[in-house]
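User: I'd like to go through this model with you. Can you put it up?

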Amino acid sequence: DTTDGDDFRCGYVALSGRPNVGKSTLLNSLIGVRLSIVSHRPQTTRHRILGISTKPEGQILYVDTPGMHRGAKRAMNRSINRAARAAMSEVDVAVQVIEAGRWTDEDAAVYAALAEQEVPRLLVINKVDLQKDKTVMLPFAADLMAKHTFDEVYYVSALKSKGLPGLEKGILKRLPKQAAIYGEDEITDRSERFIAAEMVREQLMLRLDQELPYATTVEIEQFSDRPDGIAEVHAVIWVERDGQKAIVIGDGGAQLKAIGTSARKNMESMFERKVFLKLWVKVREGWADDENLLRRFGYE
Ligand code: GDP
Ligand code: MG
């Protein structure tokens, strides 16, 4: 067994950063699977997602964090903030992800939260593919490093999988020496049921406009493996009002069909078997304010 030698390392790494800097994209690129859902919208990630990467030298346990939500009025947002804080504590290495060429007040707030922890801090400057003028990159990083304490800085493109081996090396050497916590083939601690719900929710984030995606959540009512080898998945898309239901379904059901087709394809490639996906849209006023419903819908 290669995962318990004397020099083997294993530990947790938090991927922190303000919304939309590319934390989930980075997690997916690092583990080589589209595990954490991604969209152009801020606050796509609502749950703590663990992504496992096992290499000959060690096992890196990446924790993708939801960005902190400002509106703590809604129970859902409070739950998301709890998940974000929990993900940041009890890690061995903290990675702060930012966008190339941009350092905002929100980045500074994330930095301040991380600076309270006594663990190595790495700065990851992501989206370098968008920075056409490469000569501005070094001064930008030099200025940040002069004003903040980071153990190291890395330039990456999560989208194009650039610069990742250097980052992985930098993380590995800072993890404690210990045997692997998860099996070599495992990529997450989340169930297929959870991932299925996330894949439907990803389509809602991608396809619905404005505030509507934030008024939705997805519940898997059934996930079963049929004798013919097909996974049968029944999912309910919860919305807050009748008008929202009509939009999610779309003209002649076209929108719901598109959501279902894309989500099913993503499930099939992730679960490595055929999926039969059935979708319903149901109205439940105030679900995002109801602690009991939130627990039922999988919010911690
Ligand atoms: P998160 O909110 O920090 O998890 O960010 P996401 O991973 O959801 O990404 C937000 C948006 O940035 C998505 O549209 C991604 O496709 C995009 N993105 C992430 N990484 C990169 C990158 O390296 N280059 C470019 N051009 N876009 C990226
Ligand atoms: Mg995310």
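User: Ser 24 and Thr 45, buried or exposed?
Analyst: Ser 24 is buried, and Thr 45 is buried too. Buried means under 20% relative accessible area, exposed over 50%, and partly exposed in between, with a 1.4 Å probe and protein chains only. This is a predicted model, in which local features need pLDDT of at least 70 and side-chain atom pairs count only at pLDDT 80 or more, while totals for chains, interfaces and linings use all residues. Residues are numbered from 1 along each chain as its sequence is written, chains are lettered from A and ligands numbered from 1 in the order in which they are written, and side-chain values use heavy atoms, leaving out hydrogens and water.

User: Which protein donors does the magnesium ion (ligand 2) have?
Analyst: They are Ser 24 through OG and Thr 45 through OG1, lying 2.1 to 2.2 Å from the ion. Ser 24 sits in helix α1 (residues 23-31) and Thr 45 in the loop between α1 and β2 (49-55), so the pair ties together parts that are 21 residues apart in sequence. Donors here are N, O and S atoms within 2.8 Å of the metal (3.2 Å for Na, K and Ca); water is not among the atoms, so the site may look incomplete.

User: What about Gln 43, where is it found?
Analyst: Gln 43 is in the loop between α1 and β2. Its phi is positive, about 65°, although Gln 43 is not a glycine. The residue is partly exposed, at 22% relative accessible area.

User: Which loop does Lys 127 lie in?
Analyst: The one between β5 (121-126) and α4 (137-147). Lys 127 has a positive phi near 60° and is a residue other than glycine. Its relative accessibility is 22%, which counts as partly exposed.

User: Switching to the whole fold. How many helices and strands?
Analyst: The protein has 9 helices and 9 strands. These are DSSP runs numbered from the N terminus: helices are H or I with at least four residues, strands E with at least two.

User: How many of the residues count as buried?
Analyst: 51% of the 300 residues do.

User: And the contacts, what share join residues at least 24 apart?
Analyst: 71% of the contacts between residues at least 6 apart in sequence. Contact means heavy atoms within 4.5 Å.

User: What does the C-alpha trace span?
Analyst: About 55 × 45 × 40 Å along the principal axes of the protein.
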